[in-house]
Amino acid sequence: MAKKRRGAGRRPPPEAPEVRRTRGPSTLGIHGLGREREPGDPVVLPIVQSATFLSDPVRGEAGVRYTRYGNNPTQIAVAEKLAALEGTEAAIVLASGMAATALTFLALTSAGDHVVASRLLYGWTHRFLAEELPLRGVGVTFVDPGGKRQWREALQPRTRALFFEVPTNPTLRVFDPHSLSMLAREHGIALVVDSTFASPVNLRPVGRGADAVIHSASKYLGGHSDLIAGVVCGSRGLVDEIQTKLKLYGPAIDPHAAWVLDRGLKTLAVRVARQNENALTLAGWFEEQPGVKQVIYPGLPSHPDHHLARKILSGYGGVLSIVLEGGDAAADGFCESLQVALNAPSLGGVETLVSQPRLTSHTTFTSAERSAMGIPSGFVRIAVGTEDVEDLIADFEMALNAARAA
Ligand SMILES: *Cc1c(COP(=O)(O)O)cnc(C)c1O
């Protein structure tokens with residue numbers, strides 16, 4: 001990628017960075033691509049809790065290691081593992097998912113440029129695109145992500161990136177990077193996917209034509225609700241540009257947090273397999289319960305994107321949503337009486353977390369607006385954990401009884 005800021009000219013098309021994944025996600029999550037080992041080496045990745053590193057006394061900035069630069073050995077080891085999991089040339093780990101999103105767009109755009117983004121986004125990502133990028137002279141057009149036509153019509157001469165999430169929160173819509181990759185390539189535009197809800201176990205966007213993949217590692221990658229981190233996987237050129245933004249803006253991940261992420265990755269595949277299984281079981285179970293008006297899960301034939309999800313996902317994911325017949329009062333009664341599942345925002349951890357979008361991610365919308373977005377009264381999002389599914393069923397059964405009484 002060009003280093004100099006561009007004028008009105010087109011940047012060169014982003015390289016297609018897919019690197020074939022030679023091992024499965026369980027093995028890669030544990031060992032990464034493997035490294036030379038000697039007797040006496042630790043089995044576990046060391047935490048290099050050092051801000052700065054000895055340098056060659058007569059060399060300049062070029063060889064400098066400094067933890068804000070993202071080149072601390074623990075940060076690098078985790079980034080390499082994530083690149084291997086996503087099948088990209090390179091990756092960079094950052095202090096949060098928002099840092100990953102923000103730095104990606106700061107790296108891809110400069111004043112006068114333009115971005116086309118899906119309307120269905122994590123709230124803070126939407127705000128970043130709608131409010132922050134324009135302050136930097138970057139225009140953003142939001143589109144309904146379902147049709148290729150809307151994306152094509154929104155293109156401008158200086159469009160630099162197309163961006164969407166998969167699956168989306170909280171209606172779990174699924175979109176295929178492949179359907180936009182030709183359009184992106186044709187125009188030399190980067191196709192960027194936030195794949196937080198899918199995790200590299202259920203989807204590898206680069207294998208379907210995406211140029212860059214963003215994750216909030218605070219969710220499935222970390223997996224224990226004890227970490228805030230983010231990652232961007234893509235070509236070496238893009239990752240280098242993001243690293244320059246990291247040096248300038250500073251959201252470096254602490255070495256200890258990078259190590260916590262590495263530990264999480266070791267169990268990513270087994271956790272996600274269990275979450276896929278628990279969520280599918282629960283979705284089928286909820287569909288048969290009285291008082292449940294609708295169950296939203298890509299693994300159910302009733303979901304609008306079921307066919308596509310079957311085709312492109314290795315698992316349908318750990319998040320499902322339900323709509324209760326009794327409306328918001330029933331949803332409150334349901335949430336208040338849970339004893340195993342916890343009421344909390346976020347997702348991807350081993351513990352089942354339940355939240356009501358009207359009180360969390362979608363508070364700024366009116367109830368009519370939420371209905372139009374597929375989030376009617378009585379809507380509850382369930383981010384399924386790895387507990388024994390019988391215990392979750394017993395808990396939800398009790399909560400549904402309480403909801404019907406409410
Ligand atoms: C949580 C989340 C983010 C933001 O990640 P943080 O780690 O909280 O900064 C971005 N995108 C999606 C889809 C998320 O769920």
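**Exercises on a predicted structure**

T171 lies in the loop between β4 and α6 (178-186); helices (H or I, at least four residues) and strands (E, at least two) are DSSP runs, numbered from the N terminus. The model is predicted: local features need pLDDT of at least 70, side-chain atom pairs count only at pLDDT 80 or more, and totals for chains, interfaces and linings use all residues. Residues are numbered from 1 along each chain as its sequence is written, and side-chain values use heavy atoms, with hydrogens and water left out.

**Exercise 1.** Decide whether T171 is buried or exposed, and list its contacts beyond its neighbours in sequence.

*Solution.* Step 1: recall the classes, which are buried (under 20% relative accessible area), exposed (over 50%) and partly exposed in between, with a 1.4 Å probe and protein chains only. Step 2: T171 has a relative accessible area of 12%, so T171 is buried. Step 3: contact means heavy atoms within 4.5 Å. Leaving aside neighbours within four places in sequence, T171 is in contact with I296, H303, M373, G374, I375 and F379.

**Exercise 2.** Classify the ring pair of W151 and F164 and state which elements the pair ties together.

*Solution.* Step 1: rings of Phe, Tyr and Trp (its six-membered ring) pair if their centres lie within 6.5 Å; planes under 30 degrees apart count as stacked, over 60 as edge-to-face and the rest as tilted. By this rule the count comes to nine aromatic pairs. Step 2: the centres of the W151 and F164 rings are 6.3 Å apart and the planes stand at 70°, so the pair is edge-to-face. Step 3: W151 belongs to helix α5 (residues 148-154) and F164 to strand β4 (residues 159-165), so the pair ties together parts that are 13 residues apart in sequence. Both W151 and F164 are buried.

**Exercise 3.** Describe the pair W285 and F286 and the cluster that includes these residues.

*Solution.* Step 1: W285 and F286 form an edge-to-face aromatic pair, 5.0 Å centre to centre with 65° between the planes. Step 2: both W285 and F286 are buried. Step 3: ring pairs link W285, F286, F334 and F396 into a cluster.
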